[in-house]
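Here are my notes for you, as promised. Have a look at the model before reading on.

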Amino acid sequence: MSKQAGNATAKLNVKDLITTGIFSALLFLALLIGGIPFGINPVTTFYMPFGSALLGGPILLLLIAKVRKRGAVMIAGILSGIIFIAIGMHWAIGLGCALGGIIGDFIAGIGKFKNMKLNTLAYVLVSLGSTGTFICYFADPQSWNTYMLNGKTSEGYIQTMSANAQGWMLPVILIGTVLIACFSGFVGTKLLKKQFEKAGITA
Amino acid sequence: MKAVKFDPRTKIALLLFCILCTTFSGTLELQLILTFMIAVFGLLAGKYKYAVLGLVCYGVLWGTSQLILQSLTGIWQAMFAAFFALVHKVYPCGMMSGIMIGSTKISEFMVALYRLHMPRSIVIPFAVMMRYVPVVFEDWQYIKDAMKMRDVTPSIKGLFTNPSMTVECVYVPLMMAASKTADELSIASVARGIENPNPRSSLIEIHFCVQDWLAVFVFLAFFMTTLALRGGFI
């Protein structure tokens, strides 16, 4: 088993799978716990991805540092996505997490999972997954809301919506999420250098 | 009343139908019926308290959202409409998955997933993940106690007065514990032959029985009704 360590093309062994599972649990909780304070408040619901992006960085970076093989980020993204869908989040979040994980896995793989900047980029992609719902929302805000009002939409309501929802919000959400995820990745990089590499728990 | 035993695959199928129903359902009344059906399923599966509480909470939520949507106008209505749309879409599935996880053992899940021909690289991390989520909360309690003993405040206040210290004190023990658990767990499971390439056998037998077919049929019928009421197309 130890011979394969550090080889980016090697297949995942059982130890890697278990490590991935445990860190997926932590990652999922970080995404959830960060998102809840924003999600439950109607005014800040749209900024939920900000909170989600804040906490997970160190966790994903340590996972990459511990496994350093193709597939770990992908599995973490797919599993978080599955659980998000299973607890009833909008399907776009789950799909976004899974896609972010798959693309992020390839990007981190370019740097053989050792380039911290590319690893951070992988995290940014995973956390962009939670903006999936809002991309859907802004693609068609009216049908989203008519669902709530049982088709009783008034003229004034539609006017308020179009005045309020607001082309600028989507770029703000996306760019803000990227920035916060970068910050989280930066903290993660520092933590890895300062603590985990010294402790010798990275592969 | 004795709890009815459902196949884990039935529960997965029902969860899938819940997701589809909430995605496509056009009215809040349908959501209410769906939640009621989930509560009935919860009662059958033996989660009595959970089912009743979940239904009551949803009833209150349903009433509140109706009241708010009728009484507010303009921008506030738009705000709350978006928010409650989110809650109403999340709630039934959350309740269903709560019932599913509460009434199924991890090993039953694993058998079901292997029967569904899921690859090992998904099943093993998934099982570990389901098992580890409650452990994180347990660990967190211990870490909080330890932090208090060393005069670090694990609170929002500490986060502002001493950010880097607090972040380190939260992340480092949590992730150290996680990676240690990962090492120990992989040693334990390799010792128990998880690397055996042959198909996994299990003492737990799962079958599709009458109650499974009935449950799937009822939820499928409901989903069809939802689609029909919506206008018949996806």
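This is a predicted model: local features need pLDDT of at least 70, side-chain atom pairs count only at pLDDT 80 or more; totals for chains, interfaces and linings use all residues.

1. Residues are numbered from 1 along each chain as its sequence is written, chains are lettered from A, and side-chain values use heavy atoms, leaving out hydrogens and water.

2. Chain B has 9 helices and 0 strands (DSSP runs: H or I of at least four residues for helices, E of at least two for strands). Of its 234 residues, 41% are buried (under 20% relative accessible area; over 50% is exposed, in between partly exposed). Take the contacts in chain B (heavy atoms within 4.5 Å) between residues at least 6 apart in sequence: 78% join residues at least 24 apart.

3. I get 6 aromatic pairs over all chains (Phe, Tyr or six-membered Trp rings with centres within 6.5 Å; planes under 30 degrees apart are stacked, over 60 edge-to-face, the rest tilted). B:Phe17 and B:Phe223 have ring centres 6.1 Å apart and planes at 40°, so this pair is tilted. It links helix H1 (residues 8-24) with helix H9 (residues 210-230), the two partners being 206 residues apart. Both B:Phe17 and B:Phe223 are buried.

4. B:Phe208 and B:Trp213 make an edge-to-face pair, because their planes sit at 70°, with centres 4.9 Å apart. B:Phe208 is partly exposed at 31% relative accessibility, while B:Trp213 is exposed at 55%.

Note on methods:
Buried means under 20% relative accessible area, exposed over 50%, partly exposed in between (1.4 Å probe, protein chains only).
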